[in-house]
Amino acid sequence: MAPASPLLALPGMGGELARVEAALRRSVISDDPHLTELASHLIAAGGKRLRPALAIVSAACRTGLPVTDEVVLGGVSVELVQVGSLYHDDVMDEATTRRGVDSVNFRFGNLKAILSGDYLLAKASEIAASLGTEVAGLLAATIGRLCEGQVRELQSVFDVERDESTYLASIAGKTASLFSAACRIGAIVGGHDRPAVDALTEYGYQYGMAFQVVDDVLDVTATDEELGKPSGHDMAEGVYTLPVIRALAAGDDELRELLGRPLIEQSEIDKARKLVRAGHGVDEAIVEARRFGELACDALASLPPSDAATALADATTGLVASVS
Ligand code: GRG
């Protein structure tokens, strides 16, 4: 879990996020009350709503706040994809909790989690289509990228030789693509000119890369309480992220011996985390997160100065500072 973002502190954002909440809840109402219950489960549980916030603040770089209803809907479509992907991810991971509550698969079973995840994606697509063919095409392509990123990750699970380019390609798909789409949709629907749309798209991509690297650092460095979920989960499940890849590349043979198979015992997970923290892998991953953060800020340089653009820059520096 990444820390709260300064985006949410931009004056007026409280009201904008209340609009997102209302529209999100409306968007998943079905004629079947049980499907409404399933689809509402993780929406009601909360979440940081970072992606709709990014869509709104991207639009606000041109117009300020409040944004139009269409921009709010753009943010809602992206959050529905986020929630739908979490439903599917939790089935794949056999997760029992998410956003501080039972995961949908744990509470209702895998079949209902998959189907209601599909329903969320369908609702996201319907909203995107109402915002025009460009937004609809972008959201569809982004869902494809999420799947590509996740499949890439699956292909290198338990691979102690996983290289950095494979890792970066995976996180670009599974995480950065949705952040990038959030900013691009906010920018398109918010009426920015093409150079600004492209600048905000690039910002979202680089922010998303930094976000995932920070998330991966926290899996090694944070406590269960700080994360709100068991730490070291990725290593235990064979997903070797940047700090681990760097530790292995530096020749940590004890870590190499331990990895390559599931870590079942808590003592093994603790040992693996300790070994990674003892080397330079965490520091080197933070340097990479900072580099992505700087690229995100660079992408904002061509935009006219505004409170919204400052909030985007602050969000990036705050994100990286949270692990520095
Ligand atoms: C069906 C769209 C779809 C995708 C299938 C399962 C899958 C492929 C992709 C999942 C990818 C995934 C879970 C990436 C991790 C992204 C991530 C960093 C999630 C956590 O985001 P936060 O911290 O969470 O913003 P909240 O709960 O605050 O929204």
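Tutor: Let us begin with the residues that touch, keeping in mind that this is a predicted model. On one side, helix H1 contributes Arg 19, Val 20, Ala 23, Leu 24 and Ser 27, and these meet Asp 69, Val 72, Val 76, Glu 79 and Leu 80 of helix H4. Sorted by class, this contact is made up of 6 nonpolar residues, 1 polar residue and 3 charged residues. H1 covers residues 13–27 and H4 covers residues 69–93, and where they pack, their axes lie 9 Å apart and form an angle of about 60°.

In soluble globular proteins, nonpolar side chains tend to be buried together. Here the largest nonpolar core has 106 residues, and Tyr 203, Tyr 207, Leu 255 and Leu 259 are those with the most contacts inside it. Helix H9, residues 194–221, supplies the largest share of this core, namely 14 residues. Leaving aside residues up to four places away in sequence, Tyr 203 touches Leu 54, Cys 183, Ala 296, Ala 299, Leu 300, Leu 312, Ala 315 and Thr 316.

Finally, consider Ala 44, which belongs to helix H2, residues 33–44. Its relative accessibility is 49%, and therefore Ala 44 counts as partly exposed, since exposed would require over 50%. Although Ala 44 and Arg 99 are 55 residues apart in sequence, their C-alpha atoms are 9.6 Å apart in space.

Methods. Residues numbered from 1 in each chain as written. Predicted model: local features only at pLDDT ≥ 70, side-chain atom pairs only at ≥ 80, totals over all residues. Heavy atoms only, no water. Axes fitted to C-alpha atoms, helices over the stretch in contact; angles between N-to-C directions. Helix = DSSP H or I, 4+ residues; strand = E, 2+ residues; numbered from the N terminus. Contact = heavy atoms within 4.5 Å. Nonpolar A, V, L, I, M, F, W, Y, C, P; charged D, E, K, R; others polar. Buried < 20%, exposed > 50% of the residue type's maximum accessible area, 1.4 Å probe, protein only. Core = buried A, V, L, I, M, F, W, Y, C linked by side-chain atoms within 4.5 Å.
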